[in-house]
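Hello,

Here is the structure I promised to hand over. Please look through it, then read my notes below.

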Amino acid sequence: MKLLKMITTNTYLNLLVGILLLYTGASEAWYELQTIEQFRIGMHHGVLLFALLHILKTLPDLFEGLEHINQVKKGD
C-alpha cells in the first residue's frame, strides 16, 4: 500500500504522465484537424483536458520545491 501511495503522489511521475497524455491527445487532435470533414468531440479532447489538469496539479509541488532550494541557497 505504501508503494502504491508513493507512485501515485510522485510529482515528477505525475508531470511525466501529464506531458505524455498532452502529447498523445494533441497529436490525435492535430491529425483530426488535418483530415477534418466535420467537427466531432472525441476522446482525444477529453485526454487533452485531463492532461492539462494533471500538469497544473503538479505545478504547486514543483514551485514549492524550487522555493525550498532558493531558501537553502540564501542560507549559505
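**The nonpolar patch**

Leu 3, Met 6, Ile 7, Leu 13, Leu 16, Val 17 and Leu 20 make a nonpolar surface patch of about 640 Å². Such a patch joins nonpolar side chains (Val, Leu, Ile, Met, Phe, Trp, Tyr) within 5 Å, from residues with over 30% relative accessible area and no salt bridge. A salt bridge is a side-chain nitrogen of Lys or Arg within 4 Å of a carboxyl oxygen of Asp or Glu. Areas are Shrake-Rupley values with a 1.4 Å probe, and for residues only the protein chains shown count as cover.

Helix H1 (2–8) and helix H2 (11–34) each give two or more residues to the patch. H2 supplies the largest share, four residues. Met 6 sits in helix H1. Met 6 is exposed (over 50% relative accessible area), at 55%.

**Basis**

This is a predicted model: local features need pLDDT of at least 70, side-chain atom pairs count only at pLDDT 80 or more, and totals for chains, interfaces and linings use all residues. Numbering runs from 1 along each chain as its sequence is written, and side-chain values use heavy atoms, without hydrogens and water.

**The whole chain**

The chain has three helices and zero strands. Helices are DSSP runs (H or I, at least four residues), and strands are E runs of at least two, numbered from the N terminus. The C-alpha atoms fill a box of roughly 60 × 35 × 15 Å along the principal axes. Of the 76 residues, 17% count as buried, meaning under 20% relative accessible area. The chain exposes about 6,600 Å², with 69% supplied by carbon and sulfur atoms.

Best wishes

Technical notes: Patches are made of residues with over 30% relative accessible area and no salt bridge: like charges are joined within 9 Å, nonpolar side chains (Val, Leu, Ile, Met, Phe, Trp, Tyr) within 5 Å. Buried means under 20% relative accessible area, exposed over 50%, partly exposed in between (1.4 Å probe, protein chains only).
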